[in-house]
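These are my notebook entries from a first look at a structure that was new to me. I wrote down what I looked up, one topic at a time.

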Amino acid sequence: MRAVIQRVRSASVRVDDEVIASIDRGLLVLVGFEAADTDACVPWLADKLAHLRIFEDAQDKMNLGVGDVGGAILLVPN
């Protein structure tokens, strides 16, 4: 499994010019699964994303997670 994680102010997924999903502030995650990946990979990734401290706190240090800032996660699989 490989994941590309990006902080976003907003993001959306479109198919045939129709928005299927969108978020405001949060994380856009592009994830690719391999045949060797197991079901155990999914909870591990979810926990990792939920606790990843990638947003700035009041002192401009990357010390807050997506839940701390009221953000959302948009996960786009391969």
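Which residues does Val 29 touch, not counting residues up to four places away in sequence? I looked this up in what is a predicted model, and I found that Val 29 touches Ala 3, Val 4, Ile 5, Leu 49, Ile 73, Leu 74, Leu 75 and Val 76.

**Entry: the overall plan**

The C-alpha trace spans about 40 × 35 × 15 Å along its principal axes. When I looked up the contacts with a separation of 6 or more, I found that residues 24 or more positions apart account for 54% of them.

**Entry: the cores**

Of the 78 residues, 24% count as buried, and I wanted to know which residues make up the largest nonpolar core. I listed 11 residues in all, namely Met 1, Leu 27, Val 29, Val 31, Cys 41, Leu 45, Leu 49, Ile 54, Phe 55, Val 66 and Val 69. The elements that give two or more residues to this core are strand β4, residues 26-32, and helix α1, residues 41-51. I also noted a second, separate core of five residues, which includes Val 8, Ala 11, Ile 23 and Leu 74. Leu 74 had already come up in my notes, as one of the residues that Val 29 touches.

**Entry: surface and charge**

I recorded an accessible surface of about 5700 Å², of which 50% belongs to carbon and sulfur atoms. Among the side chains I noted 8 positive and 12 negative ones, and the centres of the two sets lie 9 Å apart.

How many does the count come to? The count is one salt bridge, in which the side chains of Arg 7 and Glu 56 meet at 2.8 Å, N to O. This pair links distant parts of the chain, with Arg 7 in strand β1, residues 2-8, and Glu 56 in strand β5, residues 55-56, so that the partners are 49 residues apart. I checked how open both partners are, and Arg 7 counts as partly exposed at 35% relative accessibility, while Glu 56 is also partly exposed, with a relative accessible area of 33%.

**Entry: Arg 2**

Arg 2 has its place in strand β1 too. Is Arg 2 buried or exposed? At 65% relative accessibility, Arg 2 counts as exposed, and, leaving out residues up to four places away in sequence, Arg 2 touches Leu 30, Val 31 and Gly 32. One of these, Val 31, belongs to the largest nonpolar core. I also looked up the separation of the C-alpha atoms of Arg 2 and Glu 34, which is 8.5 Å, although the two are 32 residues apart along the chain.

I found one at Asp 16, where phi is near 50 degrees, and another at Asp 17, where phi is near 65 degrees. Asp 16 lies in the loop between β2, residues 11-15, and β3, residues 18-23, and Asp 17 lies in the loop between β2 and β3 as well. I noted that Asp 16 counts as exposed at 78% relative accessibility, and that Asp 17 is exposed, with a relative accessible area of 72%.

Definitions and conventions: Residues numbered from 1 in each chain as written. Predicted model: local features only at pLDDT ≥ 70, side-chain atom pairs only at ≥ 80, totals over all residues. Heavy atoms only, no water. Salt bridge = Lys/Arg side-chain N within 4 Å of Asp/Glu carboxyl O. Helix = DSSP H or I, 4+ residues; strand = E, 2+ residues; numbered from the N terminus. Buried < 20%, exposed > 50% of the residue type's maximum accessible area, 1.4 Å probe, protein only. Core = buried A, V, L, I, M, F, W, Y, C linked by side-chain atoms within 4.5 Å. Contact = heavy atoms within 4.5 Å. Areas by Shrake-Rupley, 256 points an atom, 1.4 Å probe, with all protein chains shown as cover. Lys, Arg positive; Asp, Glu negative; His and termini not counted. Charge placed at Lys NZ, Arg CZ, Asp CG, Glu CD.
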